[in-house]
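Dear colleague,

I am handing over the structure below, and I would be grateful if you could look through it with the notes that follow.

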Amino acid sequence: MQNAVTQDPSCLFCRIARREIPSAPVYEDAEFYAFRDRAPAAPTHVLVIPKKHIPRLSAASPEDAPLLARLFLVLAGIARGENANDYRLVVNNGAGAGQSVDHLHLHLLAGRSFTWPPG
């Protein structure tokens, strides 16, 4: 099993997962924490983070592969729980792509139509 303990005491999302900062939780298990975005971009906007501190997707290692696979299963389960049949998953990698917190996280967006291309 991957190390589920958060690793960066100053990281905003690690602090949220440790419940040091209030959030609106949606899901939690030993490896993941999901909570509602404070500035939603859609009627349903949930952030899903691994509790293991990974700064961004490009920083993940081969040993993180099982964790990343489970992340998508968790996301699908959360979407079902939110009654979201159509949804968008967004992962930003780096500030230039819109990542504002250096902790891997995925946005689950649903409840409205989305256009393509995004951005």
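Arg-19 lies in the loop that runs between helix H1 (12-17) and strand S1 (25-28), where helices (H or I, at least four residues) and strands (E, at least two) are DSSP runs numbered from the N terminus. Its phi is near 65°, a positive value in a residue other than glycine, and Arg-19 is partly exposed, with a relative accessible area of 47%; buried means under 20% relative accessible area, exposed over 50%, and partly exposed in between (1.4 Å probe, protein chains only).

Please keep in mind that this is a predicted model, in which local features need pLDDT of at least 70 and side-chain atom pairs count only at pLDDT 80 or more, while totals for chains, interfaces and linings use all residues. Residues are numbered from 1 along each chain as its sequence is written, and side-chain values use heavy atoms, with hydrogens and water left out.

Asn-83, in the loop between helix H2 (65-81) and strand S4 (87-90), also has a positive phi, near 55°, and Asn-83 is exposed at 66% relative accessible area. Most residues other than glycine have a negative phi, and most peptide bonds are trans. The peptide bond from Trp-116 to Pro-117, however, is cis, with omega near 0°, and Pro-117 is placed in the segment after strand S5 (106-110).

As for the cysteines, a search of the whole structure finds zero disulfides, a disulfide being a pair of cysteine sulfur atoms within 2.5 Å. The sulfur of Cys-11 is 3.8 Å from its closest cysteine sulfur, that of Cys-14, which is too far for a bond. Cys-11 is buried at 6% relative accessibility, and Cys-14 is buried at 0%.
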